[in-house]
Amino acid sequence: MPAAPGTSKFQIELRRHLRGQNISDNLVHLICEIAEASKYVINAVRTGDLGVAGTSNLYGEEQLALDVLSDRIMRKRLIHSGVVCNIASEEMDEIYQAQASADGLYSVAYDPLDGSSLVDVNLAVGTIVSIYEGCDLLQPGRNQVAAMYILYGPRVSLVYTVGDGVHEFTMNNLMEFTLTRENIRMQEEGNIYAPGGLRNKYNDGDEKFIRHLEAKGCKLRYSGGFVPDINQVLMKGKGIFMYPALKGSPNGKLRVLFELNPMAFIVEHAGGAASNGSIPILDIVPESLDQRAPIYIGCKADVKAATDFLVEKAQEPAAAASFVNG
Ligand SMILES: O=P(O)(O)OC[C@H]1O[C@](O)(COP(=O)(O)O)[C@@H](O)[C@@H]1O
Ligand SMILES: [Mg+2]
Ligand SMILES: [Mg+2]
């Protein structure tokens with residue numbers, strides 16, 4: 001007799017996998033609801049309006065119709081899940097309270113459609129999600145109980161961790177997410193790099209690091225979408241993504257709550273590292289919803305090398321001064 005859909009040895013479906021993770025029923029339900037929402041987001045990406053919405057988000061960036069629609073899809077699903085207290089999104093100005101504080105509830109921060117400006121040139125985009133127990137969203141990323149992203153590429157994939165391994169699921173022809181890779185691990189060091197931001201605005205330490213990578217023969221692989229760029233580093237298990245501080249933008253571009261924390265949680269749980277140049281991303285204590293930070297994320301040795309170049313650069317003037325004075 002054929003196995004029930006999503007239960008055969010070769011088709012481990014997301015909900016079944018989550019049930020083996022020793023997490024609450026509410027968290028299983030929440031992650032599955034987000035996975036369901038992503039099916040509507042991918043539909044919007046495939047067929048929706050590519051124009052602007054005529055509004056701007058909390059960063060003052062022009063919102064696309066797709067940003068607004070994806071945000072609405074996610075938010076509605078989270079509200080109706082019945083297990084969410086507070087919701088924050090890259091596309092909302094303030095925290096939305098779905099339910100007052102109560103036991104067993106979770107709070108969610110998300111970027112509904114990261115890289116939305118890439119849809120009109122048909123490049124890959126994604127949804128990024130961070131989940132905390134309780135109602136507090138302004139806490140260090142290390143306190144996340146789950147993080148996930150959904151990548152809308154030639155295939156749709158979902159990567160999640162609840163702190164016990166990082167697992168990839170791929171959408172099948174029935175639109176079910178079935179397990180494709182379990183316990184993804186990153187190597188110690190890699191040979192690909194994805195550098196965000198204008199290079200002529202890089203500080204000296206970052207510029208030197210890039211030259212070091214080039215001299216080592218590392219391959220440049222940058223699509224301009226955070227989700228596919230991170231997914232590449234993670235799935236290949238080797239490499240580094242960086243979006244450093246830039247001249248004129250000391251905090252870089254990417255957002256701590258909606259982009260950096262969830263990706264850092266995933267990459268750390270796959271054996272990699274993520275730093276803002278001086279401390280782990282997950283140790284940043286966020287003070288506001290719209291906080292940004294520079295990021296170096298990927299293989300441990302590569303992240304360390306990047307931060308060593310920054311330290312070296314910072315110490316240079318002092319070293320030179322002591323040489324002159326001494
Ligand atoms: O074009 P840049 O400066 O390299 O920035 C690319 C980065 O900006 C982003 O597009 C920002 O995300 P949004 O599209 O959600 O604003 C990331 O996906 C990407 O890593
Ligand atoms: Mg984004
Ligand atoms: Mg976005």
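Ala37 lies in helix α2 (residues 25-47), where helices (H or I, at least four residues) and strands (E, at least two) are DSSP runs numbered from the N terminus. Ala37 is buried, because 24 other C-beta atoms lie within 10 Å; a residue counts as buried if 20 or more other C-beta atoms lie within 10 Å of its own, as exposed if 12 or fewer do, and as partly exposed in between, with C-beta atoms placed from the backbone. Apart from neighbours within four places in sequence, Ala37 is in contact with Ile73, Met74 and Arg77, contact being defined by C-beta atoms, placed from the backbone, that lie within 7 Å. The C-alpha atoms of Ala37 and Phe209, 172 residues apart along the chain, are separated by 40 Å.

This is a predicted model, in which local features need pLDDT of at least 70 and side-chain atom pairs count only at pLDDT 80 or more, while totals for chains, interfaces and linings use all residues. Residues are numbered from 1 along each chain as its sequence is written, and chains are lettered from A and ligands numbered from 1 in the order in which they are written.

The loop between α1 (14-19) and α2 contains Asn22. Although not a glycine, Asn22 has a positive phi of about 60°. Asn22 is exposed, since it has 9 other C-beta atoms within 10 Å. Asn122, in the loop between β5 and β6, likewise has a positive phi, near 60°, in a residue other than glycine. With 8 other C-beta atoms within 10 Å, Asn122 is exposed. Most residues other than glycine have a negative phi.

The chain is divided into domain 1 (14-181) and domain 2 (192-325), with bounds that come from an automatic or database domain assignment. In domain 1, the side that touches domain 2 receives at least two residues from each of β5 (106-114), β6 (125-133), β7 (146-152) and β8 (156-161). Of these, β6 gives the most, with five residues. By class, this side of domain 1 has 19 nonpolar, nine polar and four charged residues; Ala, Val, Leu, Ile, Met, Phe, Trp, Tyr, Cys and Pro count as nonpolar, Asp, Glu, Lys and Arg as charged, and the others, Gly among them, as polar. Across the boundary, 32 residues of domain 1 are in contact with 27 residues of domain 2. The domain centres, taken over C-alpha atoms, are separated by 24 Å.

An open sheet is formed by eight strands in the order β4-β3-β5-β6-β7-β8-β9-β10, with mixed pairing; two strands pair if DSSP finds at least two bridges between them. At the edges stand β4 (96-97) and β10 (177-181), each with a single partner strand, so one side of each is left without a neighbour in the sheet. Strand β9 (residues 167-171) pairs with β10 in the antiparallel sense over four bridges, and Thr170 stands opposite Thr178 in β10.

Helix α3 (residues 65-81) lies across β3 (84-89), β4 and β5, and runs at about 160° to β5. Axes are lines fitted to C-alpha atoms, for helices over the stretch in contact, and angles run from 0 to 180 degrees between N-to-C directions. Helix α6 (residues 256-269) packs on the sheet by touching β3, β5, β6, β7 and β8, and its direction makes about 80° with that of β6. In α6, 14 of its 14 residues are buried. Gly271, which follows α6, has a positive phi near 90°.

Further strands pair around β13 (residues 240-243). Strand β11 (residues 192-195) pairs with β13 in the parallel sense over three bridges, and Pro195 has Met242 as its bridge partner. Strand β15 (residues 295-298) runs antiparallel to β13 and is joined to it by four bridges. Here Tyr243 stands opposite Ile295, and Phe241 is the bridge partner of Ile297. Three bridges also join β15 to the antiparallel strand β14 (residues 273-275). Both faces of β15 are covered, with Ile295 and Ile297 on one side and Tyr296 and Gly298 on the other, all buried.

The largest nonpolar core has 95 residues, and those with the most contacts inside it are Val84, Met148, Ile240, Ala274, Ile295 and Ile297. Such a core is a set of buried Ala, Val, Leu, Ile, Met, Phe, Trp, Tyr and Cys residues joined through C-beta atoms within 7 Å. At least three of its residues come from each of domain 1 and domain 2.

Note on methods: Two residues are in contact if their C-beta atoms, placed from the backbone, lie within 7 Å.
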